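Here are my notes, as promised.

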Amino acid sequence: MTDFAVLHSPACTAIWEVRPDEAPLWRYWGPRLPDGVVPPTPLRDERPEPSFSLHHDVPLSLFPGIGMGWFGAPALAAHRGGADWAHAATACRVEQVGEDTLHIHLSDDVAGLAIVIVARLDPASDVLTLSTTLTNRGEGVLDVGWLASACLPLPPDAREVLSYTGRHNSEFVAVRDALSRAGWRRENRRGLTSHDAFPGAIVTCADGTAYGAQLAWSGNHVQSIDWIDDGRRQWLLGEGLAPGEMRLSPGESLTTPEMLATVSALGADGVSQAFHRAIRARIAWPGGAMSPRKVHLNTWEGFYFDHDPAALQDLATAAAQVGVERFVLDDGWFAGRHDDTSSLGDWRPDPLTYPEGLGPLAAHVTALGMDFGLWVEPEMVNPDSDLYRAHPDWALHIDGRPLLTARHQLVLDMSLPQVRDHLCDAIAALLRSLPIAYLKWDHNRDLTHAGNRATYRAQVLGTYALMARLRAAFPAVEIESCAGGGGRIDAGIIAHTHRFWTSDCIDAISRVGIQRGFLRFMPPELMGSHVGACPAHSTGRMQAMAFRSGVALPGHFGVELDVRGLNDADRAELAAAIARYKALRGRFHQGLVWQGAAGDGVVWQAHGSADDLLLHVTRTAPTTWRHAPHLRLPMLDPARRYHLTPEGGAPVTVAGSWLVHAGLALPPLAGEAVAIYTLTAA
Ligand code: GLA
């Protein structure tokens, strides 16, 4: 009798074939199968021995090995001084922990390894979370070069993989690669999540089913998809380890970051919706639940380093008048910081600019009824700073090699407890002495020489630990994850933070693509989306206030310009946009999100539930068609009727089948425009 391990969620099923002497074989990962359905035969019975092949068939398992008959990519690359490099589990025990979790205990008694894979298929989100713990049970140090968080199977009709690349000011550039018999691979070696390689992807199949995976990790990563001999593919995702970074002494363990995976018969939107549910569940909100996302005013693009307390107070007053709820004082407030060449590390108010400290400004802000937020970049130090002069050895360096600066700054070694203690004390002193409700936590450079022995992993864990300490001590403070815009957007850091700064590019046209990519993996309420100046600082392009605010509307809305300099019409329009956001945020946030394109430069996203949603339509370029496209809404129920209300217009009732198959007739929209509709099932 063959044993199977099975996990079900409402939309997904995972099935493994289990034997006591090998890693569980992947039999199924896909849309939900009925209860009780298991493979009719053991896998090997379905696979007669091919010519010139091993007599012992080694199919794809949850922990594929190396050197013992698995010829695909391994989940582990490790050795002891060149020995014990070949790996295959010799024992397996599957322990069911509650309804939805398996602990898969593997050992390799020859190579001296113990492995525990935790697999949880969450019924609330439809996300399968996998992580792997490797323990060195042999004699001598185990040098680990690679340990996948997990290995997933993809079906033979997997066709295309959607991943995201980019750079500063251009995050979430979609890349669509056709899957073939050649391998697909994306790596990030920049030491933090990076603008260049979001740690996840979405694979679509010929039948429309979509598979998604993302790594909950803010450091280096590797993901690969390889064709395997039975026509399926294997998808590996895990942390990228530098040479010598992970050397386990006897008895020591390494636990991978978690991999979040899901599958949806509804395609990429279904994958995104499952990810949104899982990400929401990872957030520790002050008070236990998300409060309405406050309208921000961020001082960066309005003021840069030009801090004048009187002008900032005026700005706060003007911001409060248009409806801003949180005033975030960005870079430039601390000792000696007048441009980007100095002072990172010296986290006390600049005595020249702020002779009385930040107290008066913070008091002014809070007296206006707004939260006060502050920008910090804790992991960084400028060589020109008191901190660096006192502790040059705290910056990451490699003896004998030059220090490589970026934006004139170096990175502190977060693996050192004294560095974390110092930063914790410095930030805690600010949080204690000022009414700070919010920290914008930045990280404005890539990691290069991460220590004489590579400490990329320790760097990430050190930052998580520092954030966790501060959150425990100041549980009411929210944190925004920023890294030169969207360089640290991932499911790992969100366990310690509450918002992502999506991009330093606030050009509304650029933002359309950036935000659509973001929403593939992350929910809208975490998406920092600001109304910037005109022309946009990052591109020089000009966009109307209505368009800028319309594009920012579905995310966590903010303003990043000098409100005082707006003309009356723009100020009134901004105030109206803020009022509109406040009225709609409860519907844009926390719901399901669908995305689509109608053609002719028109894209759309819908927020809410299938019977009550807000439709956000964006024209991104002047039309080239004589008549506007029809916008089809596949998520509606064709059997129902819907009340359709254009913003500011009168409702009409339309058959769901019409909207699903023929589509909503759009009015002519200006070259750059946003239109909002509500749709409610009758
Ligand atoms: C990064 C951030 C910006 C701003 C600057 C300050 O670029 O993404 O929003 O905070 O740093 O130096």
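1. His-449 is buried, at 11% relative accessible area. Buried here means under 20% relative accessible area, with exposed over 50% and partly exposed in between (1.4 Å probe, protein chains only). You'll find His-449 in the loop that runs between strand 25 (436-441) and helix 7 (456-473). Helices (H or I, at least four residues) and strands (E, at least two) are DSSP runs, numbered from the N terminus.

2. A word on the source: this is a predicted model, where local features need pLDDT of at least 70 and side-chain atom pairs count only at pLDDT 80 or more, while totals for chains, interfaces and linings use all residues. Residues are numbered from 1 along each chain as its sequence is written, and side-chain values use heavy atoms, with hydrogens and water left out.

3. What does the side chain of His-449 have around it? Leaving aside residues up to four places away in sequence, His-449 touches Leu-396, His-397, Ile-398, Pro-402, Leu-403 and Leu-404 (contact means heavy atoms within 4.5 Å). Two of these also show up with backbone atoms: a polar atom of the His-449 side chain lies 3.1 Å from the backbone oxygen of Pro-402, and one lies 3.4 Å from the backbone nitrogen of Leu-404.

4. Now the ligand. There are 13 residues around the ligand, and Asp-330, Asp-331, Lys-440, Gly-485 and Asp-504 come nearest (near means a heavy atom within 4 Å). By class, that shell has six charged, four nonpolar and three polar residues. Ala, Val, Leu, Ile, Met, Phe, Trp, Tyr, Cys and Pro count as nonpolar, Asp, Glu, Lys and Arg as charged, and the others, Gly among them, as polar.

5. Look at the ligand's oxygen atoms next. A polar side-chain atom of Asp-504 lies 2.5 Å from one, a polar side-chain atom of Asp-331 lies 2.6 Å from one, and for Arg-407 the distance is 2.8 Å. The protein buries 97% of the 300 Å² that the ligand exposes when taken alone (areas by the Shrake-Rupley method, 1.4 Å probe).

6. Last, the whole chain. It has 11 helices and 37 strands. Its radius of gyration, taken over C-alpha atoms, is 26 Å, close to the 26 Å that the globule rule gives for 682 residues, so the chain is as compact as a globular protein of that length. That rule is 2.2 Å times the number of residues to the power 0.38. Buried residues make up 58% of the 682.

Notes: A polar contact is a pair of N or O atoms within 3.5 Å; within protein, one must be able to donate a hydrogen and the other to accept it, and residues adjacent in sequence count only if both atoms are side-chain atoms.
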